[in-house]
Amino acid sequence: MSSKKTINVALIGNPNTGKTSLFNQLTGLNQKVGNYPGVTVDKKEGSSRLSNKLKAVFTDLPGTYSINPTSIDETIVLKTLLNSREEKTPDVIVVVADVENLKRNLLLFSQIKDLQIPTVLAINMADQMKRKGITVDLKLLERELGSEVVLMSIRKETEKGIAEVKKAIITTYANVKAQPLCNVNNKIDPVFFEKLKEINPKYSIYELWLMLTQNSFPDSITKKEKEELLAFKNGSKNLKKYQHKETIYRYQKINEILKKTYLVDRSKASDVRAKLDKVFTHKIYGYILFFAILLLIFQSIFDWSSLPMDLIDNTFASLSSYVKSQLPLGVLNNLISEGIIPGIGGIVIFIPQISILFLFIAILEETGYMSRVVFLMDKIMRRFGMSGKSVIPLISGTACAIPAIMATRNISGWKERLITILVTPFTTCSARLPVYAIIIALVIPDKKIIGILNLQGLILLSLYVLGFVTAILAAIILHKTLKVKSTSFFVVEMPDYKVPSIKNIFLNVVEKTKTFIFGAGKIILAISIILWFLASNGPQSYKDVEKNIIENSAHQQITPEELNQKVASAKLEKSYIGIMGKSIEPIIKPLGYDWKIGIALISSFAAREVFVGTLATIYSVGSEDDTATIKQRMASEINLQTGEKRFNLPVGISLLVFYAFAMQCMATLAIVKRETKSWKWPLIQLFGMGALAYICSFIVYQLLS
Amino acid sequence: MGCLPGAEVELIQIAPLKDPLYICVNGSHLAIRKETAAKIEIIKAK
């Protein structure tokens with residue numbers, strides 16, 4: 001009996017082949033998302049048992065058309081493959097292909113075979129074969145390719161597909177010998193490749209060839225070896241020509257193989273695609289449908305999330321007061337009930353909206369509809385210096401700018417991508433929503449106009465429009481002013497329409513929501529705790545204030561309750577955070593804000609949603625009635641100079657405008673820095689958007705008051 | 001992506017604003033911009 005063993009298996013394939021579906025089915029919830037060292041591309045890993053003796057750790061590599069990379073995602077794939085001789089790199093690779101596009105999928109397969117890594121070919125969507133009139137000679141194909149080939153339909157016959165893939169992996173792992181498929185070197189220029197091989201016998205010719213042409217190197221290479229290779233590269237003239245020859249030769253070989261093994265009878269094909277495309281990409285209906293879908297998404301986000309959000313808000317308010325009454329009084333009690341619980345509540349409250357939005361985006365991507373939107377919108381978006389692919393980040397931006405900016409990676413033109421990154425934070429993200437919601441509820445009357453339209457809803461809608469319009473205007477300005485050289489290469493695959501898989505969508509939503517909670521959530525929680533500390537501590541005057549007030553009030557007729565409130569607000573004023581708020585008061589006064597709002601603004605520069613949490617913390621410090629919601633507390637706040645409510649119409653609108661424009665999200669700035677590889681662009685965003693916010697809020701407040 | 005000498009290119013649809021083009025090459029359905037499409041040399045089939 002041999003002992004239990006774990007092998008590494010990498011899944012690789014073109015986009016839209018069902019690679020991630022297979023990964024999800026193999027590993028289930030048994031997955032974790034990490035990062036590839038040095039880059040922000042997600043690394044998805046999960047484990048599964050192959051047999052009694054064999055366990056496998058699966059890696060889901062980013063989708064790629066070939067190993068000649070044109071984007072960061074594809075570079076990762078090449079890097080992983082070039083490092084395949086080292087430990088913890090794939091023992092077996094499963095190339096996932098789609099039966100309808102087998103020819104194109106086999107290009108990638110042939111490249112991997114030539115790296116001499118044991119490879120399984122899993123051809124997915126076999127259930128489509130009949131409808132498309134396709135027949136495959138599996139036995140002959142296996143012989144021609146020199147690999148195990150599995151025909152599966154992962155959506156329909158999941159169990160069977162998985163069992164066969166696992167069996168093929170075990171067989172392939174047992175017969176480790178992996179033969180190259182194409183021996184390209186002999187077909188192009190044998191003399192050239194002979195010379196190449198002499199430079200470094202450590203690597204195979206094909207590996208050296210990839211290093212040479214793709215400028216990507218394995219970790220094991222020494223500096224000297226790299227220099228030798230680069231010197232050789234500078235001495236060779238025909239590299240481009242050879243690359244063309246390589247691709248052409250690969251397709252010749254693939255065509256030869258497919259001619260014998262793969263038959264399409266077009267007369268048997270019935271095409272749903274054409275019929276659906278007629279509607280979805282129609283010059284009028286196409287756009288109407290797209291905007292109808294957008295409207296449906298936004299409508300659902302608000303309708304479905306308002307109940308759970310209220311529930312979360314109330315639950316955390318009562319949890320806070322429960323803990324306060326149960327734990328012994330003291331610093332720990334205050335930290336938990338006034339710092340940590342409201343802080344966690346401030347993160348949890350976003351989950352309903354973010355997950356609903358991710359749900360819709362996942363469905364649109366899974367069905368293949370998103371590519372049609374890209375097709376429809378490309379020409380329009382190009383007028384603004386962006387690409388059709390910018391539509392997805394801009395829509396995702398309404399949930400959170402962080403995943404949205406990461407979604408710009410597949411925009412291949414650098415200028416188009418940069419503009420998309422820079423303007424995405426203008427779209428109304430869900431962190432702005434609680435700020436908008438609470439201010440609108442405070443300053444806009446809840447009434448209907450023209451009989452049906454809710455005024456509050458209308459204002460909220462116009463804030464969304466404001467965000468999009470500003471994003472577009474900013475894009476136009478950037479398009480005209482940015483002097484960035486870039487060539488754009490635009491190719492979008494138009495996949496078949498598919499019925500989405502519930503499991504895929506579920507896992508996709510869970511994963512993205514988790515990324516948000518643990519990414520942005522950490523910052524929000526940390527800031528909540530810091531704020532609580534700053535609000536409940538202060539210099540010497542803070543400690544004296546209670547005594548002074550009690551002494552001063554001794555002669556007055558005053559209830560204990562009023563006294564307590566007086567003490568609390570005086571204490572807050574003298575605390576560290578009160579001092580900070582007061583010191584910026586002169587700057588923000590022209591916008592209509594006082595020092596309490598100033599505190600919230602300061603903390604919002606870490607993340608916008610902290611605004612509500614901060615005000616909650618500010619107003620709950622020392623407050624007797626912990627079950628009162630934040631809204632009730634804010635509504636009762638009075639402007640001492642005018643005697644009016646603090647949150648009146650001019651202040652409210654000024655705040656709304658400020659939050660619509662200002663770049664107040666540290667997490668987003670960090671992501672922009674990572675994605676643009678420089679501090680220049682996040683700083684331009686921070687100061688540009690900040691200045692715009694200040695000027696517009698100033699104008700609005702002065703006009704209204 | 002399979003757009004190589006000798007391949008059959010079928011123009012399926014032109015986007016409403018005359019760009020991009022929706023084509024089928026070697027069984028792959030792709031959308032490409034006109035500037036990219038201009039680089040494809042075609043001879044008329046049939």
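## Contacts and the setting of Asn454(A)

A contact here means heavy atoms within 4.5 Å. In this predicted model, Asn454(A) touches Asp446(A), Lys447(A) and Lys448(A), leaving aside residues up to four places away in sequence. Asn454(A) belongs to strand E11 of chain A, which covers residues 453-454.

The relative accessible area of Asn454(A) is 26%. Because buried means under 20% and exposed means over 50%, Asn454(A) is classed as partly exposed. Between Asn454(A) and Val92(A) there are 59 Å in space, C-alpha to C-alpha, and the two residues are 362 apart in sequence.

## Overall build of chain A

Chain A contains 31 helices and 12 strands. Taken along the principal axes, its C-alpha atoms fill a box of roughly 100 × 60 × 55 Å. Of the 705 residues in chain A, 53% are buried. When contacts between residues at least 6 apart in sequence are considered, 73% of those in chain A join residues at least 24 apart.

The accessible surface of chain A is about 32800 Å², and carbon and sulfur atoms account for 61% of that area. Chain A carries 85 positive and 59 negative side chains. The centres of these two sets are 6 Å apart.

## Nonpolar cores of chain A

In soluble globular proteins, nonpolar side chains tend to be buried together. The largest nonpolar core has 108 residues, and the members that touch the most others are Val423(A), Tyr593(A), Phe611(A) and Leu655(A). Helix H13 of chain A, residues 285-326, gives the most to this core, contributing 10 residues. Apart from it lies another core, of 57 residues, which includes Leu78(A), Met129(A), Tyr203(A) and Leu239(A).

The contacts of Phe611(A), not counting residues up to four places away in sequence, are with Val435(A), Ile439(A), Ile597(A), Ala600(A), Ser604(A), Met634(A), Leu655(A) and Tyr659(A).

Helix H19 of chain A spans residues 414-423 and is largely enclosed by the rest of the structure, because nine of its 10 residues are buried. The buried residues of H19(A) are Lys415(A), Glu416(A), Arg417(A), Leu418(A), Ile419(A), Thr420(A), Ile421(A), Leu422(A) and Val423(A). Val423(A) is also one of the residues that touch the most other members of the largest nonpolar core.

Helix H20 of chain A, residues 432-443, has 12 residues. From its first C-alpha to its last, H20(A) reaches 16 Å, close to the 16 Å expected at 1.5 Å a residue. H20(A) is mostly covered, with 10 of its 12 residues buried.

## Chain B

Chain B has one helix and three strands, arranged along the sequence in the pattern β-β-β-α. Buried residues account for 39% of the 46 residues of chain B.

Among contacts in chain B between residues at least 6 apart in sequence, 9% join residues at least 24 apart. Chain B exposes about 2900 Å², and carbon and sulfur atoms supply 57% of that surface.

Technical notes. Residues numbered from 1 in each chain as written. Chains lettered and ligands numbered in written order. Predicted model: local features only at pLDDT ≥ 70, side-chain atom pairs only at ≥ 80, totals over all residues. Heavy atoms only, no water. Helix = DSSP H or I, 4+ residues; strand = E, 2+ residues; numbered from the N terminus. Buried < 20%, exposed > 50% of the residue type's maximum accessible area, 1.4 Å probe, protein only. Areas by Shrake-Rupley, 256 points an atom, 1.4 Å probe, with all protein chains shown as cover. Lys, Arg positive; Asp, Glu negative; His and termini not counted. Charge placed at Lys NZ, Arg CZ, Asp CG, Glu CD. Core = buried A, V, L, I, M, F, W, Y, C linked by side-chain atoms within 4.5 Å. Expected span 1.5 Å × (residues − 1).
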